[in-house]
Amino acid sequence: MKLVLDNLLLRYPGLAACREQIWRAAEIMAHSYAEGGKLLIAGNGGSAADAEHIVGELMKSFVMPRSLPEGYADALVSCDPAIGSVLRDKLQGALPALALDGHFALSTAFMNDCDPLLGFAQQVNGYGRPGDVFLGISTSGNSMNVLYAAVAAKARGMKTIGLTGQGGGRLGDFCDECIKVPGNGTYEVQELHLPVYHCLCMMLEKHFFGENI
């Protein structure tokens, strides 16, 4: 994983101040995945799009091939030789991740019936388990719906990671690790969030699937 992080900092030297934050965040996520955990991600606007982007990189191959666990590949064929062989050959290894912005029926029902700011927290309450990880993305670090979700995650026994601008806002107070990129304006922060989370995804992929290269 270290080589992936080194390459990021060669391309984006301005992120050097975040090196330890990125490394510790990757370690938190790797430990959770190794123990059978999952990643829950929340953000608003462009950060919601980033949450979906992260899920896409983790749930399928990103930069390297990902084989299925040997036992699962065999079980697919045992269920049905023809269909199972297709699944065995075309499914890819996945790192479980959920973006909390995309469940429209649930989100709108909860907003209408309960509280618009607690939609992410309700999903953390429902999906989260001890040992899972919550990743809150907020350029200011002060998005209240993300803060509520972070508190719900900590109370659930989850690890919490923030991805913010350089101030960190209140989100940093509720995080086991907060990556504070060196920017203040929303667009500046978002421009740096993408290479950071790409790096995290590549670090995790190399850690769990690196034997394929």
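Tutor: Residues are numbered from 1 along each chain as its sequence is written, and side-chain values use heavy atoms, with hydrogens and water left out. The model is predicted: local features need pLDDT of at least 70, side-chain atom pairs count only at pLDDT 80 or more, and totals for chains, interfaces and linings use all residues.

Student: Why is Asp-132 called buried?

Tutor: Buried means under 20% relative accessible area, exposed means over 50%, and partly exposed lies in between (1.4 Å probe, protein chains only). Asp-132 has 4% relative accessibility, so Asp-132 counts as buried.

Student: Why does Lys-38 count as partly exposed?

Tutor: Its relative accessible area is 22%, so Lys-38 falls in the partly exposed class.

Student: What makes Lys-38 and Asp-132 a salt bridge?

Tutor: The term needs a side-chain nitrogen of Lys or Arg within 4 Å of a carboxyl oxygen of Asp or Glu. Between Lys-38 and Asp-132 the N to O distance is 2.7 Å. Therefore the pair meets the rule. The pair links distant parts of the chain, 94 residues apart. By this rule the count comes to seven salt bridges.

Student: What joins Lys-2, Asp-6 and Arg-19 into one network?

Tutor: Salt bridges that share partners do. The closest N and O atoms of Asp-6 and Lys-2 are 3.0 Å apart. For Asp-6 and Arg-19 the value is 2.6 Å. Asp-6 is in helix α1 and Arg-19 in helix α2, 13 residues apart. Helices here are DSSP runs (H or I, at least four residues), strands are runs of E (at least two), and both are numbered from the N terminus.

Student: Why is Asp-6 called partly exposed?

Tutor: Asp-6 has 22% relative accessibility, so Asp-6 counts as partly exposed. Arg-19, with 24%, is also partly exposed.

Student: What makes a nonpolar core?

Tutor: A nonpolar core is a set of buried Ala, Val, Leu, Ile, Met, Phe, Trp, Tyr and Cys residues joined through side-chain atoms within 4.5 Å. The largest one has 42 residues. Ile-22, Leu-39, Ile-54, Leu-58 and Ile-179 have the most contacts inside it. Helix α9 (186-209) gives the most to this core, with eleven residues. A second, separate core has 16 residues, including Leu-100 and Val-146.

Student: How do you know that Leu-91 is partly exposed?

Tutor: Leu-91 has 37% relative accessibility, so Leu-91 counts as partly exposed. Leu-91 sits in the loop between α5 (81-90) and β2 (97-99).
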